Amino acid sequence: MTTPSALERPGSVPLSRRLAARLVLLPALALALLPPRRIRTVLGVLRRGAAPATPAQAQEARDAMCAASLQCAGPKGCLPRSLGAALLCRLDGTWPTWCTGVRVVPPFTAHAWIEAEGRPVGEGAPEGYFARLVTVGPLPPSTDR
């Protein structure tokens, strides 16, 4: 499998969605500078009260991030792209599973992505291609009444 030099930039993303993606881009870039445990802590707080994202919602958020930012669409933009997509989902009241890990086949490569319903969204890699090291998924619904 070859590594693409750039991702496709979706062209059919509505202007309002691209503007929302631009809104979360700066916080996503700032989060990407933090150590992994701090990222996990911040995302753990942000996910509270959100419903699990569907694959379509997660794909729409990922597409919007790629359409709004060349950095996110690039081959080294996986961390801000995944963080931005998670934040964009959160604006809509949903939360995907944010993951970071490594490729399981040589050569070693770190990667960050989002998942919905247990499957990577928009990665184009077979299931099991990446091993998860850190995940921040949606919280189960509260049963307190």
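Trainee: Which residues does Met-65 touch, leaving aside those up to four places away in sequence?

Mentor: Met-65 touches Ala-21, Val-24, Leu-25, Cys-72, Pro-80, Arg-81, Gly-84, Ala-85 and Leu-88, where contact means heavy atoms within 4.5 Å. Please keep in mind that this is a predicted model, in which local features need pLDDT of at least 70 and side-chain atom pairs count only at pLDDT 80 or more, while totals for chains, interfaces and linings use all residues. Residues are numbered from 1 along each chain as its sequence is written, and side-chain values use heavy atoms, with hydrogens and water left out.

Trainee: What makes a group of residues a nonpolar core, and which residues have the most contacts inside the largest one?

Mentor: A nonpolar core is a set of buried Ala, Val, Leu, Ile, Met, Phe, Trp, Tyr and Cys residues joined through side-chain atoms within 4.5 Å. The largest one here has 31 residues, and those with the most contacts inside it are Leu-43, Met-65, Leu-83, Leu-88 and Trp-98. Among the elements that give two or more residues to this core are α1 (15-32), α3 (55-68) and β4 (110-116), helices being DSSP runs of H or I with at least four residues and strands runs of E with at least two, numbered from the N terminus.

Trainee: Why is Ile-39 called buried?

Mentor: Buried means under 20% relative accessible area, exposed over 50%, and partly exposed in between, with a 1.4 Å probe and protein chains only; Ile-39 has 4% relative accessibility, so it counts as buried. Ile-39 lies in helix α2 and touches Leu-31, Leu-34, Leu-83 and Trp-98, not counting residues up to four places away in sequence.

Trainee: Why is the pair of Tyr-129 and Phe-130 given the name it has?

Mentor: Rings of Phe, Tyr and Trp (its six-membered ring) pair if their centres lie within 6.5 Å, and planes under 30 degrees apart count as stacked, over 60 as edge-to-face and the rest as tilted. The centres of these two rings are 5.1 Å apart and their planes stand at 85°, so the pair is edge-to-face. Both Tyr-129 and Phe-130 are buried.
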